[in-house]
Amino acid sequence: RRCVLEASQQLTEIIKSCLESETSTETPEPSREVEPAEEEESAGHCLWVDKFTPRRYMELLSDDYTNRCLLKWLKLWDTVVFGKEKAVKKTKPSAETHPPFNQPKEQQSKWKTKIQLTEEILEAELDQYKRPKYKVALLCGPPGLGKTTLAHVIAKHAGYNAVEMNASDDRSPEVFKTRIEAATQMKSVLGANEKPNCLIIDEIDGAPAASVNVLLNIINRKDGEGEAAAGAGRRRRREGGLLLRPIICICNDQ
């Protein structure tokens, strides 16, 4: 035991002497001294809302049912945006041959969960361009509920680049239309692996009626191929093409 204690004391003395010699030989650099202070200052000025904001889907503390519904709706765009074929769910043979409690099919459909019913409603109708029936999702609720955070996190989780705009800032319908078309039609030129855009329109309840009508016209556009003459087709091309990107709107007052 004495030998071990002596050896440990010798080692500690050697380490201390080495550290002292290193610190004495090195010249103190001013940049290294300033950096920790700057980091502490930036950390001190950072809001807790920004510091602890959710970055991933699993970190969301909002209503799980709402999160699942929005993600399910956003994944319905995968066929149009990413060219992915929709996965077909395999039915379990055991469930068909042996229904629980030998109930008839009509009675079984009554006991579906809320999530299953919502999924069926969302998947019920896809239009001829394989887009979901509902082109826009609306998140409503009081301020501070986490609507904008939810939209950004789920857009990132589904593989999109979230583009946010404030409807109450752009009061002119022309500017509103230009910004929507730029976000839904143009691609990012930065980076080799650019992601498709998902437009998030905040404070849609503060937008004037003319801007809301512009949004509705963009949503309800149809492809002009084979439906009209060449002149009408040119006019449609000038006005803009089919909406092929998801739009999430946020409001406080539904």
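Modeller: Helices (H or I, at least four residues) and strands (E, at least two) are DSSP runs numbered from the N terminus. This is a predicted model, in which local features need pLDDT of at least 70 and side-chain atom pairs count only at pLDDT 80 or more, while totals for chains, interfaces and linings use all residues. Residues are numbered from 1 along each chain as its sequence is written, and side-chain values use heavy atoms, without hydrogens and water.

Your loop runs between β3 and α11 (209-219), and E203 is found in it. Although E203 is not a glycine, its phi is positive, at about 55°. With 33% relative accessibility, E203 counts as partly exposed, a class lying between buried (under 20% relative accessible area) and exposed (over 50%), with a 1.4 Å probe and protein chains only. On the surface, E203 gathers with D169, D205 and D253 in a patch of negative charge; patch members have over 30% relative accessible area and no salt bridge, and like charges are joined within 9 Å. D253 belongs to the segment after β4 (247-251), and at 59% relative accessibility D253 counts as exposed.

The strand β3 covers residues 197-202, and N197 lies in it. N197 is buried, because its relative accessible area is 9%. The side chain of N197 is joined to that of N161 by a polar contact of 3.0 Å, and the N197 side chain also reaches the backbone oxygen of A183 at 3.1 Å. A polar contact here is a pair of N or O atoms within 3.5 Å, one able to donate a hydrogen and the other to accept it.

For the paired charges, a search of the whole structure finds four salt bridges, each a side-chain nitrogen of Lys or Arg within 4 Å of a carboxyl oxygen of Asp or Glu. In one of them, the side chains of R221 and E181 meet at 2.8 Å, N to O. R221 lies in the loop between α11 and α12 (230-239) and E181 in helix α10 (residues 173-185), so this pair ties together parts that are 40 residues apart in sequence. R221 is buried at 13% relative accessibility, and E181 is buried as well, with a relative accessible area of 17%.

D78 also forms a salt bridge, with K75, and their closest N and O atoms are 3.1 Å apart. D78 counts as buried at 7% relative accessibility, whereas K75, at 38%, counts as partly exposed.

How values were computed:
Patch = residues over 30% accessible without salt bridge, like charges linked within 9 Å, V, L, I, M, F, W, Y side chains within 5 Å. Areas by Shrake-Rupley, 256 points an atom, 1.4 Å probe, with all protein chains shown as cover. Lys, Arg positive; Asp, Glu negative; His and termini not counted. Charge placed at Lys NZ, Arg CZ, Asp CG, Glu CD.
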